[in-house]
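Student: Could we go through this model together, one question at a time?
Tutor: Gladly, let's have a look.

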2 protein chains.
Amino acid sequence: MIRCAGNGGDEGAEVDIRASEIVSASPIGGKHSCSACPVGDYCLPRGLRPADAERLDQVMRIGRPLQPKQYLFHAGEPLKAIYAVRHGAFKSVLVDCDGNEQVVGFHVHSELFGLDAIFSGVHQCSAVALTAANVCVFPYKALIELSTDVVALAEQLLRLLSKDLITNIGIAGDYLADERLAAFLLSLAQRMPPRGELSRRYSLPMPRADIASYLRLAGETLSRALARFQQLGLIDLKNRTVTITDLDGLRQRARRIPPALL
Amino acid sequence: MIRCAGNGGDEGAEVDIRASEIVSASPIGGKHSCSACPVGDYCLPRGLRPADAERLDQVMRIGRPLQPKQYLFHAGEPLKAIYAVRHGAFKSVLVDCDGNEQVVGFHVHSELFGLDAIFSGVHQCSAVALTAANVCVFPYKALIELSTDVVALAEQLLRLLSKDLITNIGIAGDYLADERLAAFLLSLAQRMPPRGELSRRYSLPMPRADIASYLRLAGETLSRALARFQQLGLIDLKNRTVTITDLDGLRQRARRIPPALL
DNA sequence: GCCCGGCATTGACCCGTGTCAATGCCGGCG
DNA sequence: CGCCGGCATTGACACGGGTCAATGCCGGGC
């Protein structure tokens with residue numbers, strides 16, 4: 001029952017370049033700003049008045065571009081900032097004392113991550129780029145200070161943390177392989193760009209092994225479940241491209257998982 | 001694989017008295033105050049200066065006493081307040097569309113709950129008293145307003161939410177029955193009063209069926225695992241009284257679960 | 001102090017999922 | 001263009017944990 005994501009802990013030439021250095025400040029009102037961000041409603045600036053969004057711009061920084069498999073931060077490092085996905089996708093992984101990797105979350109466009117570090121001030125998970133990616137960097141201290149002044153920011157931070165909590169309650173639930181897979185595919189359909197609508201076709205940013213780890217399945221079990229979903233005409237799958245061909249059928253499979261948890 | 005906590009959804013005479021009404025305001029500086037709370041360090045008042053703790057006292061209210069199986073709030077109700085356990089213990093449960101109950105959390109002395117409602121403003125879980133119990137009531141709106149003024153309160157709220165998140169990441173993990181059970185017993189040993197030290201002997205506030213649901217096990221599997229732990233001399237168990245007789249042995253069983261997640 | 005109902009335990013058997021191993025596929029590189 | 005390495009799929013089998021059913025135990029009520 002002990003399994004690893006990827007090829008089993010020995011990552012060959014693990015890319016371990018410190019990647020969280022800041023590249024540039026965000027020019028206020030420019031296209032690198034929270035105040036003008038097209039997906040701000042799914043991220044920190046939600047509900048902020050323009051003047052407050054500009055104050056957020058001043059603390060936000062752009063991280064430097066990351067390559068696939070590069071680490072943004074490692075478990076054990078002190079919390080310096082929390083991050084939002086500007087481009088690409090990430091996974092959060094937990095490594096146990098035997099070196100087994102468990103994927104505990106995926107993060108796509110506009111999603112905030114690193115929040116599990118707030119409790120102790122130390123990152124519990126490592127964050128790894130799944131694709132070419134970059135992030136918005138919100139230095140934690142500055143965020144806290146700003147949120148004492150800007151109520152909407154404090155509230156949104158709490159909301160996003162609460163959302164993460166709900167998601168984890170969902171995956172912690174006792175569901176069958178097919179139920180978890182269906183819920184996962186539906187969740188990504190809602191979260192992959194373009195945001196705000198359900199994408200019937202999207203590209204999975206992660207390998208099968210990562211999905212399996214996240215869903216607590218063996219890679220083989222995932223593979224079989226995907227094959228079954230195709231035979232039933234629920235989805236069409238070509239490599240990493242998912243096409244949902246029977247939305248209601250998928251929803252039926254995920255029925256037992258409360259929709260609010262996706 | 002579908003199972004229910006309790007006797008299977010039909011609770012017979014379900015106690016459903018609205019129980020969240022406030023009984024009394026907390027007299028400032030009295031024994032019902034956050035500023036004088038002996039377990040405040042595990043709860044909201046952590047890090048607050050005395051003057052700020054008194055401001056928290058003014059928004060905090062005492063809930064009226066609850067009997068075992070009474071609901072504090074139901075899933076679907078709007079978030080009015082978040083709660084801390086003043087006395088007794090609670091469980092948070094999720095009920096799916098088929099009426100199956102899943103226990104998603106236990107809350108004992110000094111612990112905050114109801115945080116999953118922050119995201120949408122609606123409770124996702126129901127909270128049920130496991131024993132005779134009462135709570136401290138923190139009206140959400142007032143808490144937010146106060147936290148814009150009191151940095152330490154905003155930070156502590158985030159920390160406690162983050163802690164909840166970490167706990168759920170832990171139970172979402174892919175572990176064996178024995179590993180989850182060992183981690184659960186150790187977690188309670190740390191959380192049951194007296195706080196601040198590990199209790200080698202404590203009384204389980206919940207029936208087996210609730211533990212099983214929380215750990216995603218059948219009641220029978222839990223029963224067998226407990227019997228095995230006793231035969232191995234890890235614990236001694238009489239009804240609901242747990243005595244840890246081999247702490248290192250228990251820790252060894254829970255080894256794969258990062259201690260930070262307990 | 002006895003009876004009753006619900007919780008807990010134990011045993012027999014089964015099913016979903018994991019494990020192991022072999023094969024297939026695809027994309028990158030020379 | 002063909003080889004190579006990693007990812008994905010498929011099949012055979014094993015095992016952890018679930019299900020069903022019977023029995024045991026304890027605490028509350030009269």
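Predicted model: local features only at pLDDT ≥ 70, side-chain atom pairs only at ≥ 80, totals over all residues.

Student: Which element gives the largest share of the side of chain B that touches chain A?
Tutor: Counting residues as in contact if their C-beta atoms, placed from the backbone, lie within 7 Å, the contact takes 40 residues from chain B and 40 residues from chain A. Elements here are DSSP runs numbered from the N terminus, helices being H or I of at least four residues and strands E of at least two. Strand E6 (101-107), helix H2 (140-149) and helix H3 (151-172) of chain B each give two or more residues to that side. The largest share, 16 residues, comes from H3(B).

Student: Why do the copies meet through the same surface?
Tutor: Compare the interface residues of chain B with those in chain A. The copies meet through the same surface because the share of chain B's interface residues that are also interface residues in chain A is 100%.

Student: How are H1(A) and H2(A) oriented to each other, roughly parallel or roughly antiparallel?
Tutor: Axes are lines fitted to C-alpha atoms, for helices over the stretch in contact, with angles from 0 to 180 degrees between N-to-C directions. Those of helix H1 (residues 50-59) and helix H2 (residues 140-149) of chain A come within 10 Å and cross at roughly 160°. Angles under 35 degrees count as roughly parallel, over 145 as roughly antiparallel, 65 to 115 as roughly perpendicular and the rest as oblique. H1(A) and H2(A) are therefore roughly antiparallel.

Student: Which residues of H2(A) meet H1(A)?
Tutor: From H1(A), the partners are A:Arg55, A:Leu56 and A:Val59. Across from them in H2(A) are A:Ala142, A:Leu143 and A:Leu146.

Student: At what angle do the axes of H4(A) and H6(A) cross?
Tutor: In this pair, A:Ala177, A:Asp178 and A:Leu181 of H4(A) meet A:Thr221, A:Leu222 and A:Ala225 of H6(A). The axes come within 10 Å, and their crossing angle is roughly 70°.

Definitions and conventions:
Residues numbered from 1 in each chain as written. Chains lettered and ligands numbered in written order. Contact = placed C-beta atoms within 7 Å.
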